[in-house]
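The sequence and structure come first.

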Amino acid sequence: MQFKIQNLFSSKLNFLCLFFAISSITAIGQGLRTYATEAGLNFGTMATIQQFRPNPKGYKDTLSTQFNMTFPGNELKFKNVEKERGVFNFAYSDSVIAFAEAHGMKSRGHCLIWHSFSQNPAWLTDRWYGTNPWSRAELLSIMKTHITSVVSHYKGRISEWDVINEGIGIGDGHPNGLRKSPWQSIIGDDYIDSAFVYAHRADPTAYLYFNEYGGEGAIASEYAKRDTVYNLAKRLLARGIPIHGIGFEAHFGNYVNTGAISANMKKLGELGLRVSITELDMMNTTNLPNNWKNLMNACLENYNCTSFVTWGIDDKTSWMGSDCGCLIWDSTFVRKSAVYKVLSDAMKAANPNISAQRKAFAAQLPYPQTPLPKAATPTINYCQGETAVPLSVVGSKLRWYSTLTGNVYDLFAPTPSTKDVGTKSYFVSQTISGLESQRVEIKITVTAPTTWYQDLDGDGKGDQMVKLVACAQPTGYVKEASTGINDISSDNNLNVYPLPFKESVMIRLNNGDNQIVGVRILNLSGVTVEQNDEVNKSFISVGAGLSKGVYIALITTSNKTYSTRIVKL
Ligand code: XIL
């Protein structure tokens, strides 16, 4: 060791290099950022245009050396990013996200859907109320365009999004405690489902949050709100909605029951959810540093508390006003040493086992990775009722992906002879458990004894890709279905087969023979898992008690039994 040190100092150049290396490690190495990173925690703060652009002395250095997460505080809000309908302005948010990336920091997306009148553009709020309000379909479509455009713009770059902001309205009189916002009133409760689904489709790698104030569990008078958030999250998860976390805004006063907050984090963790402290400011910070210490400890003792984010760096620019004394740096941009110290000490003392657990948990991919069953080939034809058979050619064989079993079958290699030249029909069929069969006709054009094609466009000449051209005539199919998937009527074709659903599926047959007298649900081994012989109506709801999986629904009318395949997601 001695030898090495002597060697290192043997030239002035080496000495200088070492000096600079040590001093830059000191600058970053002792910052809150380093301790947070060691604990597997995103320690972040928002940056608004007023703070970020003028770059008050030391602002950006503090941002990048003390924090490992930053994001636009206001500029991704609806009113700023889509001021004009369908026209998106990412100029400012891009600069903050680029800054974060250049400094190896994570980002949050704040926020997609919020009720706040002042944070939405006039073109949108003008028709929230009044004589000509948006229809459900219009507002869903506005929401879809907004979420899809904004989330797609940052696909793979923003790690967590506040999809719904402040959607709880204790006292609004909604049975489930939802805020009776225009989104809820016009679209319905499922605006939440839709928003999460749209965001997940746009970036399946992003963690999606429901962000709320007063739901943290900090004081007893807010326990009702805390429980409302919990119950909502539970219902969304039960429906398979891709929600991954709860945001605790944490705009706190002098008293904070951090024990209750920690217990709430733990309970949400038991649902598999992350918790992020998203907008923290605490009154009288200078005098009450222990509030920060205790809150930090509440987060550190829960592996699912993955982000700890303050609403700004310094008191001068705090939205609460500099009198609040709410942040870690004071109004002259000097760090409050007592607060800084308790935060550093808490993070340095973080339990390494929990930190390791947090890192592993944070690395898990957002659920679900495959929200709807995907077919094996790009040439999928969905047929009404029983058959939807994507086909492809693998080597010289025809490959069939069966939607009945979910299996892939290599079928046969057509061996055309000279006399086969022309179009020939092949049939593929499969029967499961003696209950249901799938049969499909494939027309294949043979142009020479050794080559065969399918005629895709009906011009009599073969095309390369083999594709389903005819479906077996269905015996009965679902004409209308309310599947619990928020937007099935506007976004999905009802002919999708098998019929996916989340909670339960409401079905009606397509023909006049629509008095349903009984229903049986079977699993793929033919075992009855649900039965109802009491019904005598044209609609029926099934599947509420099923676990995830593929089933056969046999729906009996006075004439005959129809079958259709359903998938609980
Ligand atoms: C605040 C910003 O800090 C202000 O600059 C803006 O004028 C209004 O919004 N809950 C939220 C944040 O989710 O977006 C809010 O931010 C604070 C309350």
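## Basis

The model is predicted: local features need pLDDT of at least 70, side-chain atom pairs count only at pLDDT 80 or more, and totals for chains, interfaces and linings use all residues. Residues are numbered from 1 along each chain as its sequence is written, and side-chain values use heavy atoms, with hydrogens and water left out.

## Ligand surroundings

Around the ligand stand Asn-74, Lys-77, His-110, Trp-114, Gln-119, Asn-165, Glu-166, Glu-249, His-251, Glu-279, Trp-311 and Trp-319 (a residue is near a molecule if one of its heavy atoms lies within 4 Å of it). By class, this shell has three nonpolar, five polar and four charged residues (Ala, Val, Leu, Ile, Met, Phe, Trp, Tyr, Cys and Pro count as nonpolar, Asp, Glu, Lys and Arg as charged, and the others, Gly among them, as polar).

For Glu-249, a polar side-chain atom lies 3.3 Å from a nitrogen atom of the ligand (a polar contact is a pair of N or O atoms within 3.5 Å). The protein buries 78% of the 420 Å² that the ligand exposes when taken alone (Shrake-Rupley method, 1.4 Å probe).

## Cavities

Two cavities of 30 Å³ or more are present in the structure (a cavity is a set of points, on a 1 Å grid over the protein atoms alone, where a 1.4 Å probe fits but cannot get out; lining residues have an atom within 4 Å of a point).

## Backbone

Most residues other than glycine have a negative phi, and most peptide bonds are trans. The bond from His-110 to Cys-111 is cis, with omega near -10 degrees. Cys-111 sits in the loop between β3 (108-109) and β4 (113-114) (strands are DSSP runs of E, at least two residues; helices are runs of H or I, at least four; both are numbered from the N terminus).

Ala-250, in the loop between β7 (245-248) and β8 (251-252), has a positive phi near 65 degrees. Ala-250 is buried, with a relative accessible area of 1% (buried means under 20%). Phe-333 also has a positive phi, of about 65 degrees; the loop that holds Phe-333 runs between β10 (305-310) and α15 (337-348).

Notes. A polar contact is a pair of N or O atoms within 3.5 Å; within protein, one must be able to donate a hydrogen and the other to accept it, and residues adjacent in sequence count only if both atoms are side-chain atoms. On a 1 Å grid over the protein atoms alone, a cavity is a set of points where a 1.4 Å probe fits but cannot get out, and a pocket is an open set with protein on both sides within 12 Å along at least five of seven lines; lining residues have an atom within 4 Å of a point. Grid points are joined across faces, edges and corners, and a volume is the space filled by probe spheres set on the points. Buried means under 20% relative accessible area, exposed over 50%, partly exposed in between (1.4 Å probe, protein chains only).
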